[in-house]
Amino acid sequence: MTIGIYFATTTGKTEDIAERIHGLLGGAESPIDISDVDDLSELVNHDGIICGIPTWNTGAESERSGTTWDSLLDEISGLSLSGKKVAIFGLGDSSTYTENYCDAMEELHRYFKEAGASMVGYVSKSEYTFEESKSVVGDSFCGLPLDEDSESDMTDSRISKWVDQLKAEIPGLA
Ligand SMILES: Cc1cc2nc3c(=O)[nH]c(=O)nc-3n(C[C@H](O)[C@H](O)[C@H](O)COP(=O)(O)O)c2cc1C
């Protein structure tokens, strides 16, 4: 079982979280900045993929992250990811950007789903304080939202709980 961790970042916070998730997972390969990937088809070599994305283009309908992910979305939807488990985590600020909290997660989630991936790692919205997020589907976020700007004290417990959840949802990861 191979697990790939990919991220994009503008100020380094998403990379830091990718490293911390990697540390908790054991077994997974070292996190890779998606802007360093020459051929996106390398993603299909993994059984599971964990992707980290910040939100920057506040209120935008598309290209919400302001990172390399935005230019790769169409290419992602063209991959053959049937049978692969994919989980998304997102960085945002639930206080300053409370009406667009972690909006970019949903965009990445949608394109991976189009590629046939089996999406895992959903998290209940009940443990968060925010006004609106495009990443909410029903009662859940379509991934793990994290807030290093206003709630960094909650990050350790959030990622630890999420990694336990992924171990249950991705066979062979535990
Ligand atoms: C100009 C700007 C716009 C932002 N827009 C949003 C937003 O719409 N929603 C949100 O949740 N966070 C928003 N943020 C907060 C960032 O997503 C947050 O600081 C994140 O941790 C940055 O991750 P990075 O260091 O990996 O780029 C914004 C931050 C800045 C500076």
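This is a predicted model: local features need pLDDT of at least 70, side-chain atom pairs count only at pLDDT 80 or more; totals for chains, interfaces and linings use all residues.
With Thr58 the side chain is involved, and one of its polar atoms lies 2.7 Å from a ligand nitrogen atom.

On its own, the ligand has 650 Å² of accessible area, and the protein covers 86% of this.

## The shell around the ligand

There are 18 residues around the ligand, and those that come nearest are Thr9, Thr11, Thr14, Thr55 and Asp149. Sorted by class, this shell holds 9 polar, 6 nonpolar and 3 charged residues.

## The largest pocket

Where does the ligand sit? The space that it takes is the largest pocket, which contains about 320 Å³ of space. The lining of this pocket is made up of 18 residues, and Thr55, Trp56, Gly92, Tyr97 and Asp149 lie nearest the centre. By class, the lining has 8 polar, 6 nonpolar and 4 charged residues.

## The second largest pocket

The volume of the second largest pocket is about 190 Å³. Which element gives the most to its lining? That is α4, with 5 residues. Both α4 (155-169) and β6 (123-124) supply at least two lining residues.

Among the residues that line this pocket are Tyr122, Val123, Ser124, Arg158, Lys161 and Trp162. The lining as a whole divides into 6 nonpolar, 3 polar and 3 charged residues.

How values were computed
Residues are numbered from 1 along each chain as its sequence is written. Side-chain values use heavy atoms; hydrogens and water are left out. A residue is near a molecule or strand if one of its heavy atoms lies within 4 Å of it. A polar contact is a pair of N or O atoms within 3.5 Å; within protein, one must be able to donate a hydrogen and the other to accept it, and residues adjacent in sequence count only if both atoms are side-chain atoms. Accessible areas come from the Shrake-Rupley method with a 1.4 Å probe; for residues, only the protein chains shown count as cover. On a 1 Å grid over the protein atoms alone, a cavity is a set of points where a 1.4 Å probe fits but cannot get out, and a pocket is an open set with protein on both sides within 12 Å along at least five of seven lines; lining residues have an atom within 4 Å of a point. A molecule sits in a cavity or pocket if more than half of its atoms lie within 2 Å of its grid points. Ala, Val, Leu, Ile, Met, Phe, Trp, Tyr, Cys and Pro count as nonpolar, Asp, Glu, Lys and Arg as charged, and the others, Gly among them, as polar. Grid points are joined across faces, edges and corners, and a volume is the space filled by probe spheres set on the points. Helices (H or I, at least four residues) and strands (E, at least two) are DSSP runs, numbered from the N terminus.
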